[in-house]
Amino acid sequence: MAGSGKSVGATTWPVTLATVIVLIFLLLPTLIVIPVSFGSEKYLQFPPREWSIVWYKAFFADAEWLAAARLSIAVASLSTVLATLVAIPATLAFSRGRLVGQGVARSLILAPMILPHIVVAVGMYIAFSRWNLIGTLPGFVAAHAILTLPFLFLTLTAAISKLDPSLELAAASLGASRFSAFRHVTLPLLMPAIAGGMAFAFITSLDEATVSNFLSSSASKTLMKKMFEDIDFDVSPIVAAVSTLIIVGSLLLVAAAQLVRRLAVRAPRPAATLPAARTQAKAA
Amino acid sequence: MMTNEASALRGRPAALRGGSVRIEGARKVYGSVRALDDVSLEVAPGEFLALLGPSGSGKTTLLMTVAGFEVPDAGMITVDGRDVTTVPPNRRDLGMVFQRYALFPHMSLRDNVGFPLRMRGVATDERAARADRVLGVVGLEGYGDRLPSQLSGGQQQRVALARAIVYEPPVLLMDEPLSALDKNLREQMRLEIKHLQKRLGVTVIFVTHDQEEALVMADRIAVLDKGRLVQIGAPRELYEKPCNPFVAGFLGETNFLTGTVAGRDAAGAPALALQNGASVAGSPAVPLDEGARALLSIRPEQITLQAGPAAAGALGGRVAEVIYAGASTIYLVDVGTGAPLNVRRPSGAEETLGEGTPVRVTWRASDARIFPAEA
């Protein structure tokens, strides 16, 4: 939003107006949960007659809600890290190397994004129940890493294809080993894409309901599963409060990824020792 | 700019010592394409060698085998006597400048130039000092904190050069480093790179498809075609004594005339009988039998035109077109052998011959080269 504000001067006002209308249309239904969450009644009410934070207090006092939130955040963090650790080498191998069966492997990586989640969920449920992974942290992490891998893979593939391959050759000619070239040249240049992909993967995992629904047990459920249950059995404004928290969290995450992107573009840190070094060089 | 370079250089203990490079029987095949076909050549310490050829001639592949990015299927590469044929690029200790500079966009110029020093474990302070000094050598003193994106193409080129010489490699490899620059800057950079190379004493292997660039910059030129080394020698030698029609045509402009070898002319020079009945003199690149089909090459600026009809048996023609090109004027002369002869004369120094003027066409036998006609 802040970014679009700057470019208003460059566009004509009908375009601006249309953009604003579309944005309102897209955002309003989502944002309506925010005022609803600050109501005081025991049911969802808009606009609320009285303002309060009672439902936030209720959320933070309820052990079951907190456990679900903790599980979701743990699953999202771990699965994002796992998927990133797989995605980086996989993308490098796909774009820089010549692999046997590359097309098949690519399709397998992207499959969770293309197949209906319910199909993936049923398959995982059958496999995971055999391995006793239902309702366990490793089970959730493995499932979500598979689901978020395509997003990281695609983001990184796009970023690598924009990198000039001669940068790595230049690094090698200047004495860098393959690993040094990756660490000092490729990785920093991919950092904005990695940050963006990770933020996206994290949110995707947090938001995932279908597979989580199958993999949850009565003792161990994710936030989304808990929200669905809550809506089914007893619609309390806690759901609105949780939604608001998720919106704010997601926005902060996207902002953080954007910040990494900006910092990466500006990168260089001036060497503190320079002025002294320069005079020494002249004296010598 | 030059004064900056000179003052920065004075702080240096000694000029770089150039290394020698030896390529023996290098072969490289990609599928059915022979990128390198038994190429052997030597580069002396401190020499500037240009690898010249059209695209697909193998010049870049040859450079890449020296750099270590390609391993030849057969043959050997040595640098200063050390066999480096299978040594990975990062352990060859050579400098390389890429076509599109390949500066690291996320690093300041100081960090870019300091990168090879960092890879060699040089401490941060010394790294910065040496990077700044070399930036001064290439005329970018005080630019250390900038990012590559803040520079013009010519400046980026200088940074790439600085980065490739900061660790004082014995050999500097350059892959068409000037091709991305506009014409004026390219011509200026030619001389700057040449002067810098002479001052540092570094050996340079320079890939180019621009024959003028090769003539201006190189001590010797190696002409490649279809993966083979066709001819290697000083620019003057190649220009004046090309070994075959390909070299004659690729290096500078030339006219080709076909005919049969017909004994010797009045001055004792071997003569060529043309289809139009005229006989012209030249010096054969290889011994030729009388009656053999042959091709004569003569440079536009080595042809003399005189107004008037030609004697029987001598070459004559008619001026078909006059093109004024500033310092010189180009005459297209129809001599009745197909394509008109391209003749270049200094503008103003001689009388202008109008279009349609009958002219006598002559040249010195030593200026024309006769090659066997290719089958």
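**Pocket, domains and contacts**

Q: Which helix gives the largest share of the lining of the largest pocket?

A: That's α10(A), with five residues. Before we go on: this is a predicted model, where local features need pLDDT of at least 70, side-chain atom pairs count only at pLDDT 80 or more, and totals for chains, interfaces and linings use all residues. Residues are numbered from 1 along each chain as its sequence is written, chains are lettered from A and ligands numbered from 1 in the order written, and side-chain values use heavy atoms, with hydrogens and water left out.

Q: OK, and how many residues line the largest pocket?

A: The lining has 21 residues, with A:Arg96, A:Glu168, A:Leu169, A:Arg178 and B:Phe69 nearest the centre. A pocket here is an open set of points on a 1 Å grid over the protein atoms alone, where a 1.4 Å probe fits, with protein on both sides within 12 Å along at least five of seven lines; lining residues have an atom within 4 Å of a point.

Q: What's the lining like by class?

A: Eleven nonpolar, five polar and five charged residues.

Q: Switching to chain B: what are its domains?

A: The domain assignment, automatic or from a database, gives domain 1 (5–245) and domain 2 (256–372). Their C-alpha centres are 40 Å apart.

Q: How much area do domain 1 and domain 2 of chain B bury between them?

A: About 660 Å², 54% of it on carbon and sulfur atoms. That's the accessible area (1.4 Å probe) lost on putting the two parts together, summed over both. On the domain 1 side, B:Tyr239, B:Pro242 and B:Pro245 supply 73% of the buried area, more than any other three residues.

Q: Last one: what does A:Ile246 touch?

A: Leaving out residues up to four places away in sequence, A:Ile246 touches A:Leu223, A:Met224 and A:Met227, with contact meaning heavy atoms within 4.5 Å.

Note on methods:
Helices (H or I, at least four residues) and strands (E, at least two) are DSSP runs, numbered from the N terminus. Ala, Val, Leu, Ile, Met, Phe, Trp, Tyr, Cys and Pro count as nonpolar, Asp, Glu, Lys and Arg as charged, and the others, Gly among them, as polar.
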